Amino acid sequence: METKEKFVPGLEGVIAAETSISFLDVDEEKIIIQGHDLIELSKSKEYAEIVHLLLEGTLPTATEKVSIEGTLKQHYDVPEVVIEVLRLLPKQTHPMDGMRTGLSILAGFDEDIEDRTLTANKKRAYQLLGQLPTITVNSYRIIHGEEPIYPQADLSYSANFLNMITGKKPSDLEAAIFDRLLLLYSEHEMPNSTFTARVIASTNSDIYGALTGAIASLKGNLHGGANEAVMYMLNEVQTVEEFEELLLNKLQQKEKVMGFGHRVYMKKIDPRALITKEALRQLCMRDGDYSLLEMCEAGERIMEREKGLYPNLDYYAAPVYWKLGIPIPLYTPIFFSARTAGLAAHVIEQHSNNRLYRPRVNYIGARYA
C-alpha cells in the first residue's frame, strides 16, 4: 500500500538543512549568527566584522578587522567588460536583472572556477563582496543613462557604497546608519533566496550560479521588494491622517500591506525593525522633520490594532533609505548586496558537506490515461 508523506505548502516549518551559520530564535526574540545575537552585534559592530563572523566563524580581532577591510577594498573594481555589457542592456531592464547580469559575467573571469575548496570559495566570497556594490550602483546608473561612478578606496566599505549611490561623501552619521542596515540585512537563516542558493550549490554549481539564482528569487515581490513598496506607499500621502486613511482603505479592500508580518516571526515584531526605527528617529532629529517617523508609527499602531501584525525590517528600512537619499529602485539590490555575506556562507557550508536536494511530490493527477 502506497504511503503519502505529509504535504506542507511552502515548506513552512520544514527543516531543510543543518547549519551552524544562523538561527531565528523566535521564543527568545534573537537572531543568532555563529553563536552571537545579531541585534546586540548591531549596537557595537560594523558590517565588515559580520562578514568575518559569517565567513570565518569568529568576530575579528582589531588586526583582522583592518585586514578584511583592506581585502574588500582590493576588490572594489570590476573588469571593464562588465561596464561595457551593462551599457548594452535595454533601458527598461530591472535593476535586479542588471545586477544579476553583472554578477554572472564575473564567472567568466574566474580561472579556477571548478575549484570548490573552502579556500577557493572564501576567496571568491570576499571578492564578490568587494565588487557587488560597484555592480549594484553602476547597473542602475547605466540603465538610467548615467555614467558609471567608480569606488573610492580611501572611504570605508559602507561609506564608499553610499558615496557611489548618492554621488556625495556621506556624513559619519549617514555612513554609520547605512552600515548598520547592511549588517541587519547580512543574514537571516533560510529565506527563499538562501534556500535557492543552497539548492543550486547542492548540484555542485559554483558560487556565481548560486548567487545569480538567489537574485532571481529575491526579485519576486513576495520575497524582496517590500522596502520599495513601503516607500511608494508612504509617498502617496503627506500627513499622518492621510496615511491612516490609506492603510484603513487597503485593509478594507483586503489588500496586502507591505512591511508587516513575517513567515517566521508571525505575531511578534521583527527585532531588526526596532533598530531601523531608532535609525529613522536619528535622521529625523538631524533634519528636524519627523513626518515620516510619525506616519510609520501611526501605521504600526493601526496594523497592530486591526490585524495583530507587527513591522518587519523593511518597514522602517524604507524611510531610512529615503532619508539617506537612495533611489527607491535600489532598495532591493542593496538588500542583496548586504545578504551576499550570508549567502556566500551558506554556499560554502553546502559545498563543505553536500547532498543533492531531490525532494518528492504528492501526486494528485490522473494515474493512467
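Entry, ground rules. I am working with a predicted model, in which local features need pLDDT of at least 70 and side-chain atom pairs count only at pLDDT 80 or more, while totals for chains, interfaces and linings use all residues. I number residues from 1 along each chain as its sequence is written, and the side-chain values use heavy atoms, with hydrogens and water left out.

Entry, the sheet. I took helices (H or I, at least four residues) and strands (E, at least two) as DSSP runs numbered from the N terminus, and I counted two strands as paired if DSSP finds at least two bridges between them. With those terms I find an open sheet of three strands in the order β1-β2-β3, with antiparallel pairing, and its edge strands are β1 and β3, each of which pairs on one side only.

Entry, the pairings of β2. Strand β1 (residues 22-25) is joined to β2 by four bridges, and Phe23 stands opposite Ile32 there. On the β3 side (residues 36-37) I find two bridges, where Ile32 has Asp37 as its bridge partner.

Entry, the hairpins. Four residues lie between β1 and β2, and Glu29 in that hairpin takes a positive phi near 55°; the hairpin of β2 and β3 has two residues between the strands, with Gln34 at a positive phi near 45°.

Entry, faces of β2. In a regular strand the side chains alternate between the two faces of the sheet. Which residues of β2 (residues 30-33) make up its covered face? I find Ile31 and Ile33 there, whereas Lys30 and Ile32 form the uncovered face.

Entry, helix α10. This helix (residues 207-219) has 13 residues and spans 18 Å from its first C-alpha to its last, close to the 18 Å expected, the expectation being 1.5 Å times one less than the number of residues. Ten of the 13 residues are buried, where buried means under 20% relative accessible area with a 1.4 Å probe and protein chains only; among them are Tyr208, Leu211, Ile215 and Leu218. Their cover, counted by contact (heavy atoms within 4.5 Å), includes α5, α6, α9 and α16.

Note on methods: Buried means under 20% relative accessible area, exposed over 50%, partly exposed in between (1.4 Å probe, protein chains only).
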